[in-house]
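Hi,

Here is the structure I promised to pass along.

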Amino acid sequence: MASLVGGIEAGGTKFVCAVGTGPDDIRAESRFPTTDPDETLLQAIAFFREQQMHHGPIRALGIASFGPVDPHPDSPRFGYITSTPKPGWKDTDFGARISRELGLPLGFDTDVNVAALGEARWGAAQGLDTFLYLTVGTGIGGGGLVNGRMMHGLIHPEMGHVRIPHDRDEDPYPGRCPFHDDCLEGLACGPAIEERWKTPARELPPDHPAWVLEAKYLALALVNYVCTFSPQRMILGGGVMEQLQLFPMIRQQVQQLLNGYVQSPALLERIDEYIVPPGLGNRAGVLGAIALAQDQA
Ligand code: ADP
Ligand code: ZN
């Protein structure tokens with residue numbers, strides 16, 4: 001039987017904490033805004049302590065964190081949030097501190113790697129060992145599994161910050177990434193859409209030209225990921241991807257840009273099953289954290 005574990009989806013705007021054994025057995029959940037590290041961490045610790053009194057011992061903790069983070073378990077800074085521009089959170093001992101105070105084994109990784117793990121266990125990537133999970137929201141981030149393991153390497157991938165061609169006649173908007181101006185995140189995250197069109201992204205109608213441009217930028221990035229990672233599937237989540245009209249536009253442009261070069265039926269005949277929304281919807285992060293905790297229990 002699966003163990004009772006705790007999961008945290010730690011976002012830049014809100015924390016979601018949950019206790020359970022899997023998607024059909026979440027015993028309790030709490031959401032609160034991400035304020036300063038002390039207040040936010042104490043709130044999370046208090047939630048898990050209280051749940052332990054109601055439901056009995058929790059065996060492990062899994063954390064899906066905004067980043068950049070240190071995801072290497074043998075590093076002295078494992079579980080730290082490192083170079084984030086979010087005020088107060090730079091170089092914060094986050095995962096290790098919570099696990100120490102609760103006395104629980106810790107699984108800790110990027111929000112997107114952990115969401116990918118959730119999708120592999122219970123969502124749209126079941127049975128796959130090499131696939132990507134991209135979130136398009138306040139920022140853009142990508143992670144996934146390669147040969148069944150979460151992507152790390154030097155640190156972890158930063159797929160949102162790839163450079164893509166930017167035609168300034170077509171789109172004079174300069175981009176909003178403080179490091180690169182017009183990287184993918186700078187051009188295509190939710191706040192960039194809002195700044196470019198002077199309207200919140202969610203209020204732009206489905207036939208607005210904003211979505212043609214958005215699909216183009218995302219497709220340009222996705223073909224680079226196909227060529228570098230050879231993923232078996234690409235899962236696109238986050239607030240912006242609630243605009244479901246983007247999916248067929250992105251699929252069509254990915255096929256056009258690849259121009260038949262990558263010879264797989266997944267791309268040529270079954271692209272509708274290749275570029276897809278998360279099977280767990282907006283629960284991929286928190287359920288992935290539960291899956292990651294299960295692996296430590
Ligand atoms: P976060 O990235 O903060 O974890 P989200 O993935 O929900 O959270 O992303 C929030 C951003 O996504 C908002 O800033 C907004 O720009 C955009 N967004 C949210 N909902 C929608 C929607 N229905 N349509 C288009 N854009 C949306
Ligand atoms: Zn950037």
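Thr-138 has a polar side-chain atom 2.6 Å from an oxygen atom of ligand 1. Please keep in mind that this is a predicted model. Two further polar approaches to the ligand may interest you. The side chain of Arg-202 places an N or O atom 3.3 Å from a nitrogen atom of ligand 1. Gly-239 takes part through its backbone, with an N or O atom 2.9 Å from an oxygen atom of the ligand.

If you want to set up a selection around ligand 1, the residues there are Thr-13, Gly-137, Thr-138, Gly-190, Pro-191, Ala-201, Arg-202, Gly-238, Gly-239, Val-240, Glu-242 and Gln-243.

Now for the domains. The assignment gives domain 1 as 5–111 + 282–294, and domain 2 as 124–277. Their C-alpha centres are 27 Å apart.

How many residues of each domain are in contact with the other? Eight from domain 1 meet eight from domain 2. Together the two domains bury about 730 Å², and 63% of that is on carbon and sulfur atoms. On the domain 1 side, the elements giving two or more residues are β7 (106–110) and α9 (284–296). By class, that side has five nonpolar residues, two polar and one charged.

As for polar links, three residue pairs are in polar contact between domain 1 and domain 2, counting pairs with both residues at pLDDT 80 or more.

Best wishes

Terms used: Residues numbered from 1 in each chain as written. Chains lettered and ligands numbered in written order. Predicted model: local features only at pLDDT ≥ 70, side-chain atom pairs only at ≥ 80, totals over all residues. Heavy atoms only, no water. Domains from an automatic or database assignment. Contact = heavy atoms within 4.5 Å. Buried area = accessible area lost by both parts, 1.4 Å probe. Polar contact = N/O pair within 3.5 Å; in protein donor to acceptor, adjacent residues only side chain to side chain. Helix = DSSP H or I, 4+ residues; strand = E, 2+ residues; numbered from the N terminus. Nonpolar A, V, L, I, M, F, W, Y, C, P; charged D, E, K, R; others polar. Near = heavy atom within 4 Å.
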